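Please look at the model shown here, and then work slowly through the questions below it.

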Amino acid sequence: MPRHTLQPRCAGCGLIPARCLCAKLPRTELPWPLAIVQHGKEAGKPTNTARLVARVVANARLLPFARRGAPWSAAALGGGDVERFVLFPAADARPLDRDWCAARRGRPTELVLLDGTWRQAGRMVRRADGIATLPRVALPPGPPSRWRIRSAPRGDQLCTFETVVRLAAIGADAAAAALLERAFQQLLGAQGRNPACDHEAREGGEALDASEALDSDGEFDERDE
Ligand SMILES: [Zn+2]
């Protein structure tokens, strides 16, 4: 049995029932809808924050990737009536800053976020049908991550929820940005008091450096599928 299923978990927030945040989390919208492509290995992890984004951000949707028996199809992203951009810190990524937000105003836009380890996200962005061909955007440099639950090799690597907090700080109105920041602080508080998550943190993350994920040209391997 995987270690993260040893305790019962709330299906909504991934926390143990006594710490469930679901009823306390606020709800808001971002200026652009989010399609969060979630690697199959992430779906059952209590430390995964994409499910919380989907709870808090009304215009965010989760799309399963690399689930057993359910191959990824670009059709999952939906039709071509919207311009999509994938958020990934590649060398050719355009900085997602206030100028970018201004340029997108009034133009149907969807941001695709990749939810997985750096190695998984690197493979998705290079190879996945419908994702590999999307223009890339990246968050501008910011302060180090405040998320300490899963170790990332570099301080600027963010969990999915924190990524969305940064997106909101750049492109959302002040009320939505403040609400997301507050929700993230709730999450940091709840996770910080959760011994099961401390255990997982000690086990260490699978994360790799983003450049390594990009340079590697391996096929999807058994471990990732
Ligand atoms: Zn919950």
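The questions that follow concern a predicted model.

Q: Is Arg 84 buried or exposed?
A: Arg 84 belongs to strand 3, which covers residues 83-87. A residue is called buried when 20 or more other C-beta atoms lie within 10 Å of its own. Because Arg 84 has 20 C-beta neighbours inside 10 Å, the class it receives is buried.

Q: How many of the residues of strand 3 are buried?
A: The strand that holds Arg 84 is strand 3, and this strand is mostly covered. Of its five residues, the number counted as buried is four.

Q: Which residue of strand 5 is the bridge partner of Glu 83?
A: Strand 3 runs parallel to strand 5, which spans residues 109-115, and five bridges join the two. Within this pairing, the partner of Glu 83 in strand 5 is Thr 109.

Q: Which residue of strand 6 stands opposite Val 86?
A: Strand 3 also pairs with strand 6, residues 136-138, in the parallel sense and over two bridges. In strand 6, the residue that stands opposite Val 86 is Arg 136.

Q: What separates the C-alpha atoms of Arg 84 and Leu 34, in Å?
A: Along the chain, Arg 84 and Leu 34 are 50 residues apart.

Q: How many residues of helix 4 are buried?
A: Helix 4 consists of 10 residues, 118-127, and it is largely enclosed by the rest of the structure. Among its buried residues are Trp 118, Gly 122 and Val 125.

Note on methods:
Residues are numbered from 1 along each chain as its sequence is written. This is a predicted model: local features need pLDDT of at least 70, side-chain atom pairs count only at pLDDT 80 or more; totals for chains, interfaces and linings use all residues. A residue is buried if 20 or more other C-beta atoms lie within 10 Å of its own, exposed if 12 or fewer, and partly exposed in between; C-beta atoms are placed from the backbone. Two strands pair if DSSP finds at least two bridges between them.
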